[in-house]
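Reader: Hi! I'm new to this one, could you walk me through it?
Author: Happy to, let's have a look together.
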Amino acid sequence: MDTKIGSIDVCKTENHDVGCLPNSATSTVQNSVPSTSLSSADATLGRHLARRLVQIGVTDVFTVPGDFNLTLLDHLIAEPGLTNIGCCNELNAGYAADGYARSRGVGACVVTFTVGGLSVLNAIAGAYSENLPVICIVGGPNSNDYGTNRILHHTIGLPDFSQELRCFQTVTCFQAVVNNLEDAHELIDTAISTALKESKPVYISIGCNLAGIPHPTFSREPVPFSLSPKLSNKWGLEAAVEAAAEFLNKAVKPVMVGGPKLRSAHAGDAFVELADASGFALAVMPSAKGQVPENHPHFIGTYWGAVSTAFCAEIVESSDAYLFAGPIFNDYSSVGYSLLLKKEKAIIVQPDRVTIGNGPTFGCVLMKDFLLGLAKKLKHNNTAHENYRRIFVPDGHPLKAAPKEPLRVNVMFKHIQNMLSAETAVIAETGDSWFNCQKLKLPPGCGYEFQMQYGSIGWSVGATLGFAQAVPEKRVISFIGDGSFQVTAQDVSTMIRNGQRTIIFLINNGGYTIEVEIHDGPYNVIKNWNYTGLVDAIHNGEGKCWTTKVHCEEELIEAIETANGPKKDSFCFIEVIVHKDDTSKELLEWGSRVSAANSRPPNPQ
C-alpha cells in the first residue's frame, strides 16, 4: 500500500501528459500563478483544504455534520467556490462522491469520527474497487486527546483512536491523520496528490480543534498542483509494442476489447485511435460501457461471455488473437468463470503493464503510450468486423402489447431507448437493470455508469445524486430496483433540495430479483412500499417533484411525455409495476452460471 508520493518511474518517453483526468473532467493541473498573501481569517487549515478541493475540480462536497467536523464545515463552506451538499447519511454521501468522481474525475465527502467514518467505509471500498479518486475527510478528535488514556464518545469505548484509521488502510491508497498544524499542509497536499496519481480514494482526518486556526504555512494562496507525470520505460515500451505488433500482425481475425481500467489509465482516446488504425472489431466489457463511442464503425457490442450482446461473443471467442485493454476478470464479468478465452491468444494491457499470451510481460509501460505506439505498427485487418457484418441480424422487437396489458420490462426499455441523447446519462443499479441497460444503444455524448466490481445494492441512489450534481447540464436517468431503493432511499430528499432534474425509474417487482436467479428463498421477498407516496412525503411541497405509478405501456408513454415536457425541470419519480418473474433472458443465464460457480464443492484435501 502506497503511503508516499514518488513511487513513479522516471524513464523518459515521448508522452508528456501530466496528471490528467478523464476527457469530460475538470483538469487537476493548472498553470502556475503568483501566490498572494491571505488574511489571518483565511489562512486556516480548513480554508487551505477548501481551496485545494476547488483547485482540483471539486466544487461540491457531500457532507453529514457531526460534532467533530462542525468547525471544519464552517471553513469549507466559507470558500466561495465550494458548495455544501448535506446528505441524509454517510453511506449516501460516500456514494455521491463516487458518482461525482465518475464525471468530474475526483469527488469528496466529509463525515465525523468513527460513527461517520465506519458508515461511509462501504462506499469508499466501492470507489477503491472502481479506481475512483475520492477524498474522504473525517473530523477527528481534539489533538490534545491523542496519546492520553481518555475514552471518547463515538468510539468503541477504548482509549485507542486508531480503529477508524486501521479500517481505512485497506480501502484507501494514502491515510493522513492531521493532529499537528506544523505538518498539516504537507499531509493534506500529499493525500490529495496521491489520490489523483493513483486514481484511488484517500483518507484525511482533521483534528476538530485545528480547522479554524491560522498558521504561517497557510498564509499564501496555495500554488496549484503540478503533478509529476507517470512515464513509461522507453525501452520496455518499444519492446512491448514490437512484440505485440508481431503477435497481432500474424493473426487472421484479431479483435480488441475495452475494459473498465481504460478510465483510470486515461486511455479511452488512445484505444479508439488504435481501433481506427487497425480496423479490428471493437467490443467492450460490461463495466466499460460508455467509455468507448458506440457509434464507432467497428463497434460490435458488449462482450460478456454467454450474456453478451447478440453476435459479439461469437466474434470475440472465435478470434485467433484478442487484445484486452484494462480488463477485470472476476466471477461476475466472466459469468461464473465460463468465458471461452485462451490465454495464449490474448494480449492483456493493464494501466502500467503488458502481457502477451503465455510469453513475455513488460512492466513500467503505460497503457496510453502502448496503445498509441501500437497503432503505428499494426497492419490494417478488418476481417473480424467483416465476419460480424455477415452474421449480424438486427434486433427484434418486443411483442406488441394488448391495450392496458400489464407492462413488460422489454416493452419499457424500448421506450427508454428513445429518451437517450447527448444531454442524458444512464445510471444502472445492481440487478436486472445491469442487463437491460447493457442493451441500450448509447448516442454520442450519453453518459453511462454502474458499479460492477463491488456490486453494492443501493449504490445508485447516492451515485445519481453525485453524478447529477457534477453535470447539471445533463439529465440523469436512473434505473433502480425496489429492493435496492429500500437500502438508500433517503437521499431522494437531497436531490429535490438541490433542484436536480433526475428521472428515477423505480422497477417494482416485489423483491431481490437478481438474488432470486442466483439462489431463491423467502428472504428475497421484501415488504412492498407505496414508493410514490414515500417520495411525495419526502417532497412535502418544497421544491419541484413529480411522481406517478405506471402499470401498462399507455401509462408509461404518458409518464415519459410528462417527464420530458411539463415536468422537464423537475425531479421525476416513475414507479413501474412489473411481474416478479419478468426478467431479462441474460439475467436467467447469468444467474444460473454464477450460482454454479458459488456452489462448487470444496476441493479434496
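Reader: Thanks! Which residues does I504 touch, not counting residues up to four places away in sequence?
Author: Leaving out residues up to four places away in sequence, I504 touches S478, I480, V492, M495, F571, C572, F573 and I574. Contact here means heavy atoms within 4.5 Å. This is a predicted model, where local features need pLDDT of at least 70, side-chain atom pairs count only at pLDDT 80 or more, and totals for chains, interfaces and linings use all residues. Residues are numbered from 1 along each chain as its sequence is written, and side-chain values use heavy atoms, with hydrogens and water left out.

Reader: Is I504 buried or exposed?
Author: I504 is buried, at a relative accessible area of 0%. Buried means under 20% relative accessible area, exposed over 50%, and partly exposed in between, using a 1.4 Å probe and protein chains only.

Reader: Where is the place of I504?
Author: In strand β17, residues 503–508. Strands (E, at least two residues) and helices (H or I, at least four) are DSSP runs, numbered from the N terminus.

Reader: And how many residues apart in sequence are I504 and I480?
Author: I504 and I480 are 24 residues apart in sequence, and their C-alpha atoms are 7.2 Å apart in space.

Reader: Nice. What covers the buried residues of α19?
Author: The cover includes α12 (409–417), β16 (475–481), β17, β18 (545–550) and β19 (571–577). The buried residues of α19 themselves are E553, L556, A559, I560, T562 and A563.

Reader: Switching topic: in what order do the 6 strands of the open sheet come?
Author: The order is β2-β1-β3-β4-β6-β5, with parallel pairing. Two strands pair if DSSP finds at least two bridges between them.

Reader: Which strands stand at the edges?
Author: β2 (83–86) and β5 (175–178) do; each has a single partner strand, so one side of each is left without a neighbour in the sheet.

Reader: How many bridges are there between β4 and β6?
Author: Strands β4 (residues 134–140) and β6 (residues 202–207) pair in the parallel sense over 6 bridges. C136 stands opposite Y203 in β6.

Reader: Last one: is I348 buried or partly exposed?
Author: I348 is partly exposed, with a relative accessible area of 22%. Strand β11 (residues 346–350) holds I348.

Reader: What does I348 touch?
Author: Not counting residues up to four places away in sequence, I348 touches F324, P327, F329, R353, V354 and T355.
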